[in-house]
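Please read this briefing alongside the sequence and the 3D view. The points are grouped by topic.

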Amino acid sequence: MRRRPPPRVRHPRREELKKHLETNGISAALHYPLPLHLQKCYANLGHKAGDFPNAEKSASQCLSLPIYPELTDAQILRVVEVIKSFFVK
């Protein structure tokens, strides 16, 4: 079975959204805080900040949401409602 990456959302106020989720008991993580071209293991390729602006923007805005086999429909709806409430406040 192929392993799938966690579901992600993007928002320019990612840190605020993450805090809002966590305040409401929902874990969220930054699985990809740096784009590949800026990671130390790829430094030998010689890329620098600004070389891949779309990747850099995505890395600065992506937030991974909870996912696991036992996640119920009710829990998924709760995540959705909490995210929606972030935009209402």
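The side chains of Glu-15 and Arg-14 are joined by a polar contact of 3.5 Å. A polar contact is a pair of N or O atoms within 3.5 Å; within protein, one must be able to donate a hydrogen and the other to accept it, and residues adjacent in sequence count only if both atoms are side-chain atoms. This is a predicted model, in which local features need pLDDT of at least 70 and side-chain atom pairs count only at pLDDT 80 or more, while totals for chains, interfaces and linings use all residues. Residues are numbered from 1 along each chain as its sequence is written, and side-chain values use heavy atoms, with hydrogens and water left out.

*Arg-14 and Glu-15*

- Arg-14 is found in helix H1, and Glu-15 lies in helix H1 too. Helices (H or I, at least four residues) and strands (E, at least two) are DSSP runs, numbered from the N terminus.
- Arg-14 counts as buried because its relative accessibility is 11%. Buried means under 20% relative accessible area, exposed over 50%, and partly exposed in between (1.4 Å probe, protein chains only).
- Glu-15, at 47% relative accessibility, counts as partly exposed.
- Leaving aside residues up to four places away in sequence, Arg-14 touches Leu-30, Ala-59, Ser-60, Gln-61, Cys-62 and Leu-63. Contact means heavy atoms within 4.5 Å.
- Glu-15 and Cys-62 are 47 residues apart along the chain, and their C-alpha atoms are separated by 9.8 Å.

*The two sides of H1*

- The buried residues in H1 are Arg-14, Leu-17, Lys-18, His-20 and Leu-21. They cover an arc of only 160° around the axis, which puts them on the same side of H1. The arc is that of the directions from the helix axis to the C-beta atoms.
- Lys-19 and Thr-23 are the exposed residues carried by the face of H1 that is turned away from its buried side.
- Strand E1 (8-10), helix H2 (53-61), E2 and H3 are what the buried residues of H1 pack against.

**Helix H3**

- Helix H3 (residues 73-88) has 16 residues, which at 1.5 Å a residue should span 22 Å; its end C-alpha atoms are 23 Å apart, which agrees. The expected span of a helix is 1.5 Å times one less than its number of residues.
- Val-79, Val-82, Ile-83 and Phe-86 are the buried residues of H3. They cover an arc of only 95° around the axis, so they are on the same side of H3.
- An α-helix has 3.6 residues a turn, so residues three or four places apart point the same way.
- On the face of H3 turned away from its buried side are the exposed residues Asp-73, Ala-74, Leu-77 and Val-88.
- The buried residues of H3 pack against helix H1 (14-23).
- Val-82 counts as buried because its relative accessibility is 3%. Not counting residues up to four places away in sequence, Val-82 touches His-20, Leu-21, Asn-24 and Ile-26.
- From C-alpha to C-alpha, Val-82 and Leu-17 are 9.5 Å apart in space, and they are 65 residues apart in sequence.

**Aromatic rings**

- A search of the whole structure finds one aromatic pair. The rings of Phe-86 and Phe-87 have their centres 5.1 Å apart and their planes at 85°, so the pair is edge-to-face.
- Rings of Phe, Tyr and Trp (its six-membered ring) pair if their centres lie within 6.5 Å; planes under 30 degrees apart count as stacked, over 60 as edge-to-face and the rest as tilted.
- Phe-86 counts as buried at 2% relative accessibility, whereas Phe-87 counts as partly exposed at 48%.

**Cysteines**

- How many disulfides does a search of the whole structure find? The search finds zero. A disulfide is a pair of cysteine sulfur atoms within 2.5 Å.
- The sulfur of Cys-41 is 18 Å from the closest cysteine sulfur, in Cys-62, which is too far for a bond.
- Cys-41 counts as exposed at 55% relative accessibility, whereas Cys-62 counts as buried at 10%.

**Ser-64 in strand E2**

- Ser-64 lies in strand E2 (residues 62-64) and counts as buried at 3% relative accessibility.
- A polar contact of 2.8 Å links the side chain of Ser-64 with the side chain of His-31.
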